[in-house]
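Biologist: Could you walk me through this one while I have it open on my screen? I would like to jump between a few regions as we go.

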Amino acid sequence: MSRDLTTLIRPETIAVVGASATKEAQGNLVIANLLSRGFKGRIIPVHREASEIQGLQTVRSIAELPDMVDLAVASVPASAAVSTARDLEARQVRSAIYFAAGFSAEDDEAFRKTALESRMNILGPNCMGFINLSDAAFLYPATTSSRLKRGRVALVAQSGSAAITVMNSADFGFSKIITVGSEFQLAAADYLHWLAGDDDTSTVGVVMESIQDPHAFAAAARRLHAAGKSLAVLKVGQSRIGAAATIAHTGAMTRDADTYDLYFRKNGICAVGDYDELAATLQCLEAWGHAPGRRGVALAGISGGQTALACDVAEAVDLPMSRFSPETAVTLRNVLPGTPGQNPVDFGAVVDRSARDTPAAIRAMLADPGVGVLAFVQDCQEGLNERSLNIYHGVAQDYRRAVAGTTKPVVAISPTSGEVHETLRAEFQQHGVPLVRGLREGLVAIKALDCARTSDAATAKASRGPRPISGDLLAGLRAELAQQAGQVERDLALRVLAAYGVPVVAALVAENVEAALARADEVGFPMVVKISSPDIAHRSELGGVVLGVTDEKSLKNAIASITANIRLAAPEARIAGFELQTEFGGDLEAVVGAVASPPFGAKIIVGSGGTLVELLKDTSQGLTPLSAGEAERMIGRTALGERMNGYRKLLPPTDIAPLAQLVENIALMMEDLGDMLAACDLNPVVIRKGTGEVMVVDALMDMRS
């Protein structure tokens with residue numbers, strides 16, 4: 001259950017522990033900010049000797065604080081954090097902020113334990129506090145940006161410097177700016193949960209380095225969205241999560257950063273790539289909010305070159321361009337003589353200004369059902385000369401008059417990141433049109449307007465079939481896996497797969513050629529022969545696989561050939577024997593894999609398989625929990641899926657349901673065993689045309705270290 005952070009974020013009585021009577025400390029800067037910004041509540045400095053600090057009457061100790069103190073600013077060294085927290089707790093102070101950094105290992109452990117056990121809300125440590133512009137509560141130990149103004153955007157940042165960067169570049173106003181620091185107790189999810197109920201906030205931006213509790217963060221995002229508020233997240237830094245598998249193909253085909261991308265997409269969270277994109281996105285979200293289903297963008301401007309470049313950038317950021325209806329095209333050709341009536345629209349192509357009706361063209365684009373967002377690409381830089389400014393101001397007035405009353409999002413984009421001219425900013429913004437700096441930034445922001453705001457994770461478990469494994473069987477397999485290290489023994493790996501309903505081709509391991517000949521009938525000809533070695537992961541690459549073995553003579557030859565190849569390619573490898581497999585005739589080869597990605601679950605991969613799997617790079621990824629329906633969509637995003645759908649009649653249409661079911665079962669396996677397994681690699685998975693019947697030919701499992 002999330003804590004009530006009202007006494008932290010909207011305090012009425014504030015104690016400041018650590019303000020100095022003789023010098024400027026962080027506590028003094030906080031007091032100065034509170035006083036200069038017009039805080040209406042009570043401020044009580046705590047000082048052992050001074051009777052007054054910055055014109056405020058002090059108390060000598062925390063124990064002398066009055067009842068009902070909402071918040072204490074603990075501007076104390078790291079070594080004093082625990083004792084200060086205990087004293088504040090004893091005095092029943094409700095919330096506290098800690099700026100301190102540089103904790104020793106012992107102090108770190110002690111303060112974390114104290115914070116988690118405390119009834120107080122504790123922000124930090126290693127943070128820059130917060131700024132509540134809505135209530136003039138500047139709990140911030142530094143001078144604030146001159147650009148800072150009140151608005152309806154809240155920013156939650158793990159890094160104080162990140163908050164400063166966004167504050168210094170924002171063209172919008174803030175309601176709250178919260179720097180969460182090291183999150184010894186409260187995390188970003190707690191602040192999102194509170195902001196969902198904050199009437200002064202409509203849009204929230206988050207700058208994060210990591211997520212402590214993915215489930216809590218996703219739940220907080222859902223609460224924000226349910227309250228009709230928008231959310232955009234910038235993930236900074238390259239996390240090491242999911243960097244588990246190096247032997248399996250699956251591990252080579254995924255990156256750590258993919259995990260966060262999958263997590264955000266799965267939970268309907270809008271993610272951006274840098275500070276500029278975040279600022280632009282928050283600016284547009286503040287103006288328009290999320291508008292799901294309005295993906296198509298119409299681009300217009302007075303420069304054909306700029307709109308053409310905008311099309312290139314839109315394609316690069318995966319923002320689809322609207323296709324005008326025939327009726328819209330006719331209207332555009334009538335009001336803009338000589339133009340093709342297509343997207344993008346170049347008003348400047350009509351040289352005779354008296355012949356073009358720009359407002360009518362804009363109204364036609366906005367009326368088109370295929371247009372989700374209208375974007376004007378227009379030079380608005382601060383350095384415009386007076387003549388250009390006058391021309392562009394007139395153009396902006398035309399735009400403004402034409403969009404009056406529209407319910408569709410309209411965004412103006414100055415194509416470079418330089419400061420925009422205040423005259424043009426005012427012209428657009430006084431009529432509700434955000435003016436965004438930067439072509440890419442503006443188009444990324446427009447894409448963010450269509451953020452799905454729906455959570456696949458919330459519905460995945462409900463939409464899955466019955467679990468294929470019993471509790472007793474799972475417990476037994478876990479006990480066996482606990483005795484493994486490195487690569488899981490093949491027999492156990494196959495039994496794990498069988499327990500989850502994964503079809504694996506019939507096989508046995510013979511110790512030598514004599515045993516292989518004696519047991520060949522158990523598999524039957526034709527068969528495939530492979531080396532069995534705990535030291536060899538990818539057998540075909542070393543000449544350890546022979547296909548099409550049809551009789552005893554070819555079986556002997558296959559074993560001799562494999563033995564010679566392995567002695568040459570991997571002379572130190574231990575040879576446990578030779579695996580005999582029934583040859584399963586199929587028409588396509590797929591790869592299905594999984595990589596443990598704590599704390600998010602596991603990444604599941606499906607796509608074209610075989611020996612060229614890493615070269616083809618035809619895969620799609622998902623994050624557990626995963627349903628068969630999601631698995632089908634993953635397959636549909638690959639070239640493998642296109643081929644199964646009958647691409648150019650190279651194959652008859654082939655049912656993808658069996659492959660999707662296999663993918664779902666592997667996801668279920670990783671939900672149960674992902675705390676033990678680092679990776680699972682099924683390659684190839686052979687698929688028969690038409691029926692889509694699947695059979696796993698080769699399987700590899702690695703234990704987590």
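Biologist: In what kind of crossing does α20 pass α21, left-handed or right-handed?
Modeller: Bear in mind that this is a predicted model; in it, α20 passes α21 in a right-handed crossing. The axes of α20, residues 513-523, and α21, residues 552-569, come within 10 Å and cross at roughly 150°. That makes α20 roughly antiparallel to α21, because an angle over 145 degrees is counted that way.

Biologist: Which residues of α20 and α21 meet there?
Modeller: From α20 there are V513, A516, L517 and A520, and they meet E552, L555, K556 and I559 of α21. Sorted by class, this contact has six nonpolar residues, two charged ones and no polar ones.

Biologist: And which strands does α21 lie across?
Modeller: Helix α21 lies across β21 (527-532), β22 and β23, and its direction is at about 30° to β21.

Biologist: What is the strand order in the sheet with β21?
Modeller: The order is β20-β23-β21-β22, in an open sheet of four strands with antiparallel pairing. The edges are taken by β20 (507-510) and β22 (545-549), each of which has a single partner strand, so one side of each is left without a neighbour in the sheet. On average, and with direction ignored, neighbouring strands of this sheet are turned by 25° against each other.

Biologist: How many bridges join β20 to β23?
Modeller: Four bridges join β20 to β23, residues 577-582, and the two strands run antiparallel. Within this region, A510 stands opposite F578 of β23.

Biologist: Changing topic, which residues of α5 are buried?
Modeller: In α5, which covers residues 160-169, the buried residues are G160, A162, A163, V166, M167 and S169. They pack against several elements, including β8 (130-132), β10 (150-157), β11 (174-179) and α10 (275-288). Two further partners of these buried residues are β12 (203-208) and β19 (435-437).

Biologist: How many residues of α6 are buried?
Modeller: Seven of the eight residues of α6 (188-195) are buried, so this helix is largely enclosed by the rest of the structure. Those buried residues are A188, A189, D190, Y191, L192, W194 and L195.

Biologist: Now L29, where is it placed and what does it touch?
Modeller: L29 is in helix α2, residues 26-36, and with a relative accessibility of 22% it counts as partly exposed. Leaving aside residues up to four places away in sequence, L29 touches E24, Y140, P141 and A142.

Biologist: Is K617 buried or exposed, and what about R648?
Modeller: K617 counts as exposed at 67% relative accessibility, and R648, at 67% relative accessibility, counts as exposed too.

Conventions
Residues numbered from 1 in each chain as written. Predicted model: local features only at pLDDT ≥ 70, side-chain atom pairs only at ≥ 80, totals over all residues. Heavy atoms only, no water. Axes fitted to C-alpha atoms, helices over the stretch in contact; angles between N-to-C directions. Parallel < 35°, antiparallel > 145°, perpendicular 65-115°, else oblique. Left-handed = near helix turned anticlockwise from the far one by under 90°. Contact = heavy atoms within 4.5 Å. Nonpolar A, V, L, I, M, F, W, Y, C, P; charged D, E, K, R; others polar. Buried < 20%, exposed > 50% of the residue type's maximum accessible area, 1.4 Å probe, protein only. Pairing = 2+ DSSP bridges.
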